[in-house]
Amino acid sequence: MTPIVLTIPDLAIAGSLIVLDGVLSVALRLGLHRQLAIAAIRLVVQLVLIGFILRGVFALASPWLTLGVVLVMIAIAGREVAARPEQRLTRFGNYTIGANAVAFATLLTAILALTTAIRPTPWYDPRYAVPLAGIILGSVLNGASLALDALLSGVVQHRAAIEARLALGGTIGQAMRPLVRSAIRRALLPIINQMSAAGLVTLPGIMTGQILAGMEPMQAVKYQILLMFLLAGGSGLAAVAVTYLGARRLTDDRQRLRLDRLSEKAKGRTA
Amino acid sequence: MTARLRIANLRSRIAGPFELAVEAGECIAITGPSGSGKSLLLRMIADLDPNEGEALLDDRDRRRFHAPEWRRHVVYSAAEPGWWGEQAMDHFPASEHARVLGLAERLGVEPERVRDSLARLSTGERQRLALVRALLLDPPVLLLDEPTGALDVEATACVETVLRERLAGGTAMLVVTHSAEQADRLGHRHFRMAQRRLSPA
């Protein structure tokens, strides 16, 4: 059950495949060899750095340091969520909403898993908390950015329909409901596809990693199932949070549709 | 005599201030070049755009209404109406279908068109069905933005007949129109909008 330990020469041999890609790029004039080299170097440097950081964090096992690392990861994910939609809310709305939704969904899902299914001692043991938060964040980030993009582009596209409903005495909740629904649906479809295709199209990454690391396949499968449920739950929570927070930003105390809170540049493009 | 609708010092960042009092049964026609602020004024009165100042319905301050309640009484119908359903009938309460068909027919829209896909209707048919949506609420105030902009002479006459009946029943109206003739036919008073200011014509 012990993992086969990789040595530097092992990695160097695999690295020769990157060199092969580089040779192909030159031979076929793909013009990619520079980018390829930079990407490969970045991969190594970034991962080695993360490895050292994780080693330090695991060794210290401080709850505050662990929380700090998770919060930094959440802040970076929040920025990603904010950057992906084409439309921008004014006053850093995208970022505030993205970071809050991501934090809420990730912390809730991770803490639930750590205190019930996985139960390390202590429950905040960074060896479990940090990688778990990381994998949940990836999925939450996807769900949140899809939902925010669908909401913000949809509100511009369906402006006349929403305002028609308001003008006839409908509440902002009634007017926005179809859009809110479709934004959340759009965010959940990828994870639903991922769950239905798991094991058929590809072996999911976590499972593959754990089998390679020496884990018995049924154990690895159980882990994968647990993680997929966590990812689906996290995505759902993030999508709902982002959509409702976003919809609230797009209205005011008189239940108007406030498209003036989307940035000028974005408005010009859709006019 | 108290006005049905009164606005005082109504202004936004980009338009106004506006002063206006409309009696029950009175129609105010507003003309003016495109972009002069006609739609802005109607949207401000309906509280669809941020604005300051006073608006009163039968002497009751707008701030004492919930926003949706205010808009149900002071109904704005846009020049290019929006739709959220597949067919026109999706936009009416099921209990009102008989009235919808009756009103549509009076405005010159064939009853079966109401159940057709909206994409298959002409601009003029959609415009009249949007008007049906507003009329169905029996609001005390109607704010109509070019209600006959896409209609031929015959259909325009149908619409004006129905609007005149509503006026006789006590509805107050603000009608934005590009046609000076329509302003004369319908309007008891006629205002001109220029550079986001309103003045008697």
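Predicted model: local features only at pLDDT ≥ 70, side-chain atom pairs only at ≥ 80, totals over all residues.
How much area is buried between domain 1 of chain A and domain 2 of chain A, and what share of it do carbon and sulfur atoms give?

**View 1. Where the two domains of chain A touch.** Chain A splits into domain 1, residues 1-60, and domain 2, residues 61-270. Their meeting place draws on 8 residues from domain 1 of chain A and 13 residues from domain 2 of chain A. To settle the opening question, about 810 Å² is buried between these two domains, with 71% of that coming from carbon and sulfur atoms. The C-alpha centres of the two domains sit 30 Å apart. If you zoom out for a moment, the C-alpha trace of chain A spans about 70 × 55 × 40 Å along its principal axes. Chain A has 10 helices and 0 strands.

**View 2. Helices H1 and H2 of chain A, packed against each other.** H1(A) covers residues 8-27 and H2(A) covers residues 33-60. Their axes come within 9 Å and cross at roughly 165°. Anything over 145 degrees counts as roughly antiparallel, so that is the label for H1(A) and H2(A). The crossing is right-handed. On the H1(A) side the contact is made by A:Ile18, A:Asp21, A:Gly22, A:Ser25 and A:Val26, while H2(A) brings in A:His33, A:Leu36 and A:Ala40. Sorted by class, that gives 4 nonpolar, 3 polar and 1 charged residues.

**View 3. Helices H7 and H9 of chain A, another packed pair.** Here we're looking at residues 172-197 for H7(A) and residues 217-249 for H9(A). The axes are 10 Å apart and the packing angle is about 160°. H7(A) and H9(A) are therefore roughly antiparallel to each other. H7(A) goes past H9(A) in a right-handed crossing. Residues to look for on H7(A) include A:Met176, A:Val180, A:Ile184, A:Leu188 and A:Ile191. Across from them, the H9(A) side includes A:Met228, A:Phe229, A:Leu231, A:Val240 and A:Tyr244. By class, the contact of H7(A) with H9(A) counts 16 nonpolar and 4 polar residues, with no charged ones.

**View 4. The contact of chain B with chain A.** Chain B puts 23 residues into this contact and chain A puts in 16. Between them the two chains bury about 1600 Å², and 54% of it is on carbon and sulfur atoms. Which residues of chain B lose the most area to chain A? They are B:Leu48, B:Arg71 and B:Trp84, which together make up 35% of what the chain B side buries.

**View 5. Two cis peptide bonds, one in chain A and one in chain B.** Most peptide bonds are trans. In chain A, A:Thr121 and A:Pro122 are joined by a cis bond with omega at about -10°. A:Pro122 belongs to the loop that runs between helix H4 (93-118) and helix H5 (126-157) of chain A. Over in chain B, the cis bond links B:Gly16 to B:Pro17, and omega is about 5°. You'll find B:Pro17 in the loop between strand S1 (5-11) and strand S2 (18-22) of chain B.

**View 6. A:Gln255 and its positive phi.** Most residues other than glycine have a negative phi. A:Gln255 isn't a glycine, yet its phi is near 55°. Look for A:Gln255 in the loop between H9 and helix H10 (264-270) of chain A.

Key
Residues numbered from 1 in each chain as written. Chains lettered and ligands numbered in written order. Heavy atoms only, no water. Axes fitted to C-alpha atoms, helices over the stretch in contact; angles between N-to-C directions. Helix = DSSP H or I, 4+ residues; strand = E, 2+ residues; numbered from the N terminus. Parallel < 35°, antiparallel > 145°, perpendicular 65-115°, else oblique. Left-handed = near helix turned anticlockwise from the far one by under 90°. Contact = heavy atoms within 4.5 Å. Nonpolar A, V, L, I, M, F, W, Y, C, P; charged D, E, K, R; others polar. Domains from an automatic or database assignment. Buried area = accessible area lost by both parts, 1.4 Å probe.
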